[in-house]
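Please load the model in your viewer and keep the selection panel open.

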Amino acid sequence: MRAATIIPSTEIKSSQGSLAFVFQGKFLLCLTVCFSTLSFAATDNHLDAVCFVGDTTEPILSLQGDLIQTIELNSAYKELGATARDDVDGDLTSSIVVDFSNVITSQLGSYRVTYVVTDLSENSAAITREVVVVDSPPTITLNGDSVVEIYQNQPYNELGAQANDAVDGDISNEIVINSTSINTAQIGQYEVTYTVVDSNSSPMHLIRKIIVLPTTAEPPEKSGGSIDLFILLLAYLGGPIRKKY
Ligand SMILES: [Ca+2]
Ligand SMILES: [Ca+2]
């Protein structure tokens, strides 16, 4: 560090960003405000004192992305990054040292990633992010509509479903379909259940509604929205509302 210019009793910003306090013949006053490097020189008639206030403030670290990062078992770890800014040195993002060596993506658990940055005056800052390795339940997607309407005494045709898991991939063949509750001889509403379990024993369930209509009802809808379903149920119950095409 060095002073840019010696001006008596004046606060100066040096070229390196450090504050320099320069005093002529006011050495005692200087001591009350400076706490870093101090140098002075005596001349024939007076004492010049030059003191430098160094950078004692650590950089500010900020995480990019979530404080808690969730990743699927056996997936690749993705570093979300961080930024660092220092009061004197400016942007220190490129100087951040990231340590994610503790993260084991092949093992369920919680891990810590550390970020450390140091400014040019050796002031360091650190921050951590929690990484949680999980095995999420699979997803089920129905083939066809989630509400199916059929006429009384007509057969129910199972359309099936697809199941995918982040770890196990396509496990559609593992889906267990239960449609035993359906009685097409009886007007009413029934449920077909779809259940699948991934290799981590995480289950997923989905339901398809089956509505058995009287043969006198209007033609069943291929895509059943909630409004259509309401209208058809009213029709079944003999209500005044009839669907118009
Ligand atoms: Ca600093
Ligand atoms: Ca899973």
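Among contacts in the chain between residues at least 6 apart in sequence, what percentage join residues at least 24 apart? The share is 50%, where two residues are in contact if their C-beta atoms, placed from the backbone, lie within 7 Å. This is a predicted model, in which local features need pLDDT of at least 70, side-chain atom pairs count only at pLDDT 80 or more, and totals for chains, interfaces and linings use all residues. Residues are numbered from 1 along each chain as its sequence is written, while chains are lettered from A and ligands numbered from 1 in the order in which they are written.

Helices (H or I, at least four residues) and strands (E, at least two) are DSSP runs, numbered from the N terminus.

Next, select the open sheet of four strands, ordered S6-S11-S10-S9 with mixed pairing; two strands pair if DSSP finds at least two bridges between them. Strand S6 (68-72) and strand S9 (97-99) are its edge strands, each pairing on one side only.

Within this sheet, display strand S10 (residues 109-118) and strand S11 (residues 124-134), which pair in the antiparallel sense over 10 bridges. Pick Val116 to find its bridge partner in S11, Ala126.

Finally, move to Asn183, in the loop between strand S16 (176-178) and strand S17 (188-197).
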